[in-house]
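Let's take a walk through a protein model together. Have the sequence and the 3D view ready, and look up each residue as it comes along.

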Amino acid sequence: MIDIERYDPNNIFAKILKKEIPSKIIFENDFVYAFEDINPQAPIHILIIPKKPFCSFIDFSKKADEKLIAGFFKSITKITELLNLKDGYRLITNVGNFGCQEVPHLHFHLLSGKNIGRIVSD
Ligand code: AMP
C-alpha cells in the first residue's frame with residue numbers, strides 16, 4: 001500500500017529529481033522533468049513529473065497553483081510536439097491502490113510509437 005496523502009521525500013522519483021539516481025532525460029523546464037520509463041510498455045514510454053512534491057493527481061489538482069497546473073499540462077503538449085507524436089499517444093496517470101500507482105510522486109505516462117491498444121485489459 002502506498003501513501004498518497006503524505007509526500008515521501010525519499011520516493012524514487014524524488015531521488016531522480018535530486019540526481020541521486022540516474023535517469024534518461026527527455027525534457028526539462030521550470031515545471032516538469034521528463035525521462036524514459038525503466039520498463040517501457042511501448043516504443044515510446046516517458047514519465048512526466050512535476051518538479052515540486054505532489055503525491056498523485058489528486059494532490060496536484062488540489063494543491064498546485066494555477067500557474068503550475070497550466071505550465072505542467074502545456075509542458076506535456078510541448079513534449080508531444082518535440083517528439084512529433086502526430087499519430088497520437090496515450091497519457092495516463094495512475095492514482096492510489098486501485099489505480100495501481102507504484103511511485104507516490106505524480107507522474108504521467110506518455111505512451112506512443114505504435115497503436116497502444118485498448119485502455120484496460122483483464
Ligand atoms: P505507476 O505504476 O503508475 O506508479 O508507474 C511507475 C513507473 O515508474 C513504472 O512504469 C516503472 O517502470 C517506472 N519506474 C520505476 N523506477 C524507475 C526508474 N528508476 N527510472 C525510470 N522509471 C522507473
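Contact here means heavy atoms within 4.5 Å. Keep that in mind whenever you read that one residue "touches" another.

## Before we start

What you are looking at is a predicted model: local features need pLDDT of at least 70, side-chain atom pairs count only at pLDDT 80 or more, and totals for chains, interfaces and linings use all residues. Residues are numbered from 1 along each chain as its sequence is written, and side-chain values use heavy atoms, with hydrogens and water left out.

## His-45 and its strand

Find His-45, which sits in strand β3. Helices (H or I, at least four residues) and strands (E, at least two) are DSSP runs, numbered from the N terminus. His-45 touches Phe-35, Glu-36, Asp-37, Asn-39, Pro-40, His-109, Leu-110 and Leu-111, leaving aside residues up to four places away in sequence. With a relative accessibility of 7%, His-45 counts as buried. (Buried means under 20% relative accessible area, exposed over 50%, and partly exposed in between, using a 1.4 Å probe and protein chains only.) The side chain of His-45 also makes a polar contact with the side chain of His-109, at 2.9 Å. A polar contact is a pair of N or O atoms within 3.5 Å; within protein, one must be able to donate a hydrogen and the other to accept it, and residues adjacent in sequence count only if both atoms are side-chain atoms.

Now zoom out to the whole strand. Six of the seven residues of β3 (residues 44-50) are buried, so the strand is largely enclosed by the rest of the structure. What does β3 pair with? Strand β2 (residues 32-36) pairs with β3 in the antiparallel sense over five bridges, and five bridges join β3 to β5, also running antiparallel. Two strands pair if DSSP finds at least two bridges between them. To spot this on screen, look for Tyr-33 opposite Ile-49 in β3, then for Ile-44 and its bridge partner in β5, Ser-112.

## Around the ligand

Which residues come nearest to the ligand? Of the 16 residues around it, they are Asp-37, Asn-94, Glu-102, His-107 and His-109. A residue is near a molecule or strand if one of its heavy atoms lies within 4 Å of it.

His-109 turns up again here: one of its polar side-chain atoms lies 2.8 Å from an oxygen atom of the ligand. The protein covers 86% of the 510 Å² of accessible area that the ligand has on its own. Accessible areas come from the Shrake-Rupley method with a 1.4 Å probe; for residues, only the protein chains shown count as cover.

## Rings that pair up

The structure holds nine aromatic pairs. Rings of Phe, Tyr and Trp (its six-membered ring) pair if their centres lie within 6.5 Å; planes under 30 degrees apart count as stacked, over 60 as edge-to-face and the rest as tilted. Phe-60 and Phe-73 make an edge-to-face pair, 6.4 Å centre to centre with 65° between the planes. Phe-60 belongs to helix α2 (residues 57-63) and Phe-73 to helix α3 (residues 66-82), so this pair ties together parts that are 13 residues apart in sequence.

Phe-72 and Phe-108 form a tilted pair, at 5.7 Å between centres and 55° between planes. This pair links distant parts of the chain, with Phe-72 in helix α3 and Phe-108 in strand β5 (residues 108-112), 36 residues apart. Both Phe-72 and Phe-108 are buried. Ring pairs link Phe-54, Phe-57, Phe-60, Phe-72, Phe-73 and Phe-108 into a cluster.

His-105 lies in the loop between β4 (90-92) and β5, and is buried at 1% relative accessible area. Its side chain reaches the backbone oxygen of Pro-50 at 2.8 Å. Among the residues that His-105 touches are Tyr-7, Leu-17, Ile-49 and Phe-54.

Pro-104 is in that loop between β4 and β5 as well, and is buried at 12% relative accessibility. Its contacts include Ile-2, Asp-3 and Cys-55.

Most residues other than glycine have a negative phi. Lys-19, though not a glycine, has a positive phi of about 65°; Lys-19 is in the loop between α1 (12-17) and β1 (25-28) and counts as exposed at 53% relative accessibility. Asn-84 is not a glycine either, yet has a positive phi of about 60°. Look for Asn-84 in the loop between α3 and β4, where it is partly exposed at 48%.
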